[in-house]
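Morning, everyone. I have a few minutes on one protein chain. Please look at the picture while I talk.

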Amino acid sequence: MISKTKGHRTALSRLSCSTVGSALDLAIGRFPNTVRIETTNACNAKCVICPHQVMQRPTCNIDDELYRRIIDECAEFGCRNIHLHNFGEPLLDKNLPERIRFAKQKGIKKITIFSNGSLLTTEKVEQLIDAGLDEIKVSFDGATKEEFEKIRVPLKFDAIVGQIKELVSIRNRKKAPLKIKVACCSTSDKNETMQLLENCVDDFSFGKVHNWADKDVNHPVRSGTSHGGACRSGIRKPCSRVWQTFTVLSNGKVALCCLDYEGKVDLGNVINKTISEIWTSESYKMIRLLHKKAQQDKISICRNCIKSFW
C-alpha cells in the first residue's frame, strides 16, 4: 500500500510539473518579469519566523554603480516590476529614496518594497513618496499586541500600528498614488488582524510560514498549514519563481529565489554578467528543466522547500 501511494504521488508530481512547467515555458521571455534587488541585507529585527540571525554572508549595501547598471538593463528590456528588498530591511539603506527616484526616471513602471514598518518616520515616508515609490507592503504578524511582539522581536505593536496609520495619513495628504498593503504569514485570527487596520490600508495578503528551504524556524503561531515535512502533500509542483523572478543579493550574486538567502545555488554574479545572460544561461535552463520533470530533489534549495509542493 505504501509503495502504491508513493508511486501514485510520483505520477501526479510528474504530470503536475510537466503540465504547469510547459505553460510557464511558453510565457518566459529573454528577461524576467520581476527583478528583486536586495539593496541591503541588514535588518533591525529578530523575527522568530525568519532565519536572518543565522545568515553567514557579510552585511552590506549594494554598490551604487552596480545598482544603476542593473536598473539600466531593466529599463532596456522593459522590465515593469522592480522589488527593492529581499533578505533585509530596505529602510536601513539610506540611499533608498535616491535609488527609487533613479529607477522611476529610467521608466520603471512599478517599484515595490517590503518593510517591517519600524523605520517609517514622517521624514522617511515623505522621501519615499516624493521619490515615486509605487507600493509598500508592511509585514505584520499576529492578531494581538502579545502575539505580534512574540513573533516580531523586538518591534513594538503600538509603534508599528501608529506608523502605518501615519504612513496612510501622509499618503492621503500628499494625494500620492502609493499603494499601502499589509502582509501577514503568521496569525491566530485573520479577522482580528484585519480589524486593526481594515479601514486604513489598501489591502491585506495572508500567506503561510515556510521552512526557508533548508532552515526550520521556531514560531509560536502557525497560520493554516504548519511548516516543515508534515505540511507537504508529497505531490510536487514547479515553482513559478524560476520562470518569472530574478533575485540579486547585495553582493551582486544571483540567488535562485528569496528563500536562497545565502546564495547557495551558483547562477552567477551581475558584477561580471548581465541579467539577460544569466537568465538565459544553461544553469538556469537546467533548474527549470528539473522543476518541469518533478526532480526538484536534485536542487539542494528546492529539495525540501514547501514552496515546491502542492
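Predicted model: local features only at pLDDT ≥ 70, side-chain atom pairs only at ≥ 80, totals over all residues.

Now step back into H6 itself. How far apart are its end C-alpha atoms? The helix covers residues 157–174, which makes 18 residues. At 1.5 Å a residue it should span 26 Å, and its end C-alpha atoms are 26 Å apart, so the two agree.

Which residues of H6 are buried? The list is Phe157, Ile160, Val161, Gln163, Ile164, Leu167, Val168, Ile170 and Arg171. An α-helix has 3.6 residues a turn, so residues three or four places apart point the same way.

What covers those buried residues? The cover includes three helices: H4 (122–131), H5 (145–151) and H7 (190–197). It also includes strands E4 (135–139) and E5 (179–184).

On to the sheet. Eight strands form it, and it is open. Read the order with me: E6-E5-E4-E3-E2-E1-E7-E8. The pairing is mixed. At the edges sit E6 (203–206) and E8 (254–255), and each of them pairs on one side only.

Look at one pair inside that order. Strand E3, residues 110–115, pairs with E4 in the parallel sense, over four bridges. Phe114 has its bridge partner in E4, and that partner is Lys137. Helix H7 lies across E5 and E6, and runs at about 155 degrees to E6.

Next, helix H3, residues 96–105. Its buried residues are Leu96, Pro97, Arg99, Ile100, Phe102 and Ala103. Their cover includes helix H2 (64–76), strand E3 and helix H4. Just after H3 there is another positive phi: Gly107, at about 95 degrees.

Last topic: the nonpolar cores. The largest has 70 residues. Which of them touch the most other members? Phe246 and Leu256 do. Helix H6 gives the most to this core, with seven residues.

Take Leu256 on your screen. Leave aside its neighbours within four places in sequence. Leu256 is then in contact with Val242, Val265, Leu267, Tyr284, Ile287, Ile299, Ile301 and Cys302.

Note on methods: Residues numbered from 1 in each chain as written. Heavy atoms only, no water. Helix = DSSP H or I, 4+ residues; strand = E, 2+ residues; numbered from the N terminus. Expected span 1.5 Å × (residues − 1). Buried < 20%, exposed > 50% of the residue type's maximum accessible area, 1.4 Å probe, protein only. Contact = heavy atoms within 4.5 Å. Pairing = 2+ DSSP bridges. Axes fitted to C-alpha atoms, helices over the stretch in contact; angles between N-to-C directions. Core = buried A, V, L, I, M, F, W, Y, C linked by side-chain atoms within 4.5 Å.
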